[in-house]
Amino acid sequence: NYVGEILCHTPLKFSRYLGMQKETKGSFFKNYFKTGDIGYIDKNNYLYYLGRKKNVLKISGITVYPEDIEKIVIQNKNILETAVLGLTDKNGLEKVILCVVPKNKNCSREKLLDYCYNNLATFQQPSNLIFLQSLPKTTLGKINKPVLKKIISKKL
């Protein structure tokens, strides 16, 4: 299966970003809207969503989807919320940063790292684990990853 950016074509699509010609031009390909999402179509013509293009990480040349890690970590009964970010270290290498909001005091660093070791692939393992009391949210209630990245950058 070929993995790529999901494009859509519909008579209901918008025509442009107001006063933003460059962004508008970059958002279309041959009259198809570039969604910013990554996915693939299987042999039965089903579309599979893998994640947001801007969230995709490159860890040692391997494409890593933060959503895949988040889906596994949130299954831990001691985790309330989770978010995965990529941060570049001083050598220019991208690292997996796992941010979690624990449900209770049973969630220790050691137990969570052990959980990750047993449930995530080697290339998905977090380089850093950050415990937070809450994750910043957008007005729509989604995790605000740009704000989270600023918060985390100050902690590392």
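Reply: Start with K137. K137 counts as partly exposed, at 37% relative accessibility. Buried means under 20% relative accessible area, exposed means over 50%, and partly exposed is in between (1.4 Å probe, protein chains only). The model is predicted, so local features need pLDDT of at least 70 and side-chain atom pairs count only at pLDDT 80 or more, while totals for chains, interfaces and linings use all residues. Residues are numbered from 1 along each chain as its sequence is written, and side-chain values use heavy atoms, with hydrogens and water left out.

Now the partner. K137 forms a salt bridge with E81, and their closest N and O atoms are 2.6 Å apart. E81 lies in strand β7 (residues 79–88) and K137 in the loop between β9 (128–131) and α4, so the pair ties together parts that are 56 residues apart in sequence. The term salt bridge stands for a side-chain nitrogen of Lys or Arg within 4 Å of a carboxyl oxygen of Asp or Glu. Side chains of opposite charge can pair when their charged atoms come close. E81 counts as buried, at 19% relative accessibility. Helices (H or I, at least four residues) and strands (E, at least two) are DSSP runs, numbered from the N terminus.

Contact means heavy atoms within 4.5 Å. V101 sits in strand β8 (residues 94–102). V101 is buried, with a relative accessible area of 4%. L135 is 34 residues from V101 along the chain, yet their C-alpha atoms are separated by 7.3 Å.

There are other charged pairs to compare. The structure holds five salt bridges. One of them joins E70 and K145, with the closest N and O atoms 2.8 Å apart. E70 lies in helix α2 (residues 66–73) and K145 in helix α4 (residues 145–155), so this pair ties together parts 75 residues apart in sequence. Both E70 and K145 are buried. Another joins the side chains of E5 and K53 (3.2 Å, N to O). E5 lies in strand β1 (residues 4–8) and K53 in the loop between β4 (47–52) and β5 (57–59), so that pair ties together parts 48 residues apart in sequence. E5 is partly exposed, with a relative accessible area of 24%. K53 counts as partly exposed too, at 45%.

Step back to the whole. The protein has four helices and nine strands. Read along the sequence, the pattern is β-α-β-β-β-β-β-α-β-β-α-β-α. The C-alpha trace spans about 50 × 40 × 35 Å along its principal axes. Of the 156 residues, 36% count as buried. Among contacts between residues at least 6 apart in sequence, 51% join residues at least 24 apart.

Last, the charges. The protein has 26 positive and 12 negative side chains, and the centres of the two sets lie 5 Å apart. Lys and Arg count as positive and Asp and Glu as negative; His and the chain ends are not counted. Each charge is placed at NZ of Lys, CZ of Arg, CG of Asp or CD of Glu.
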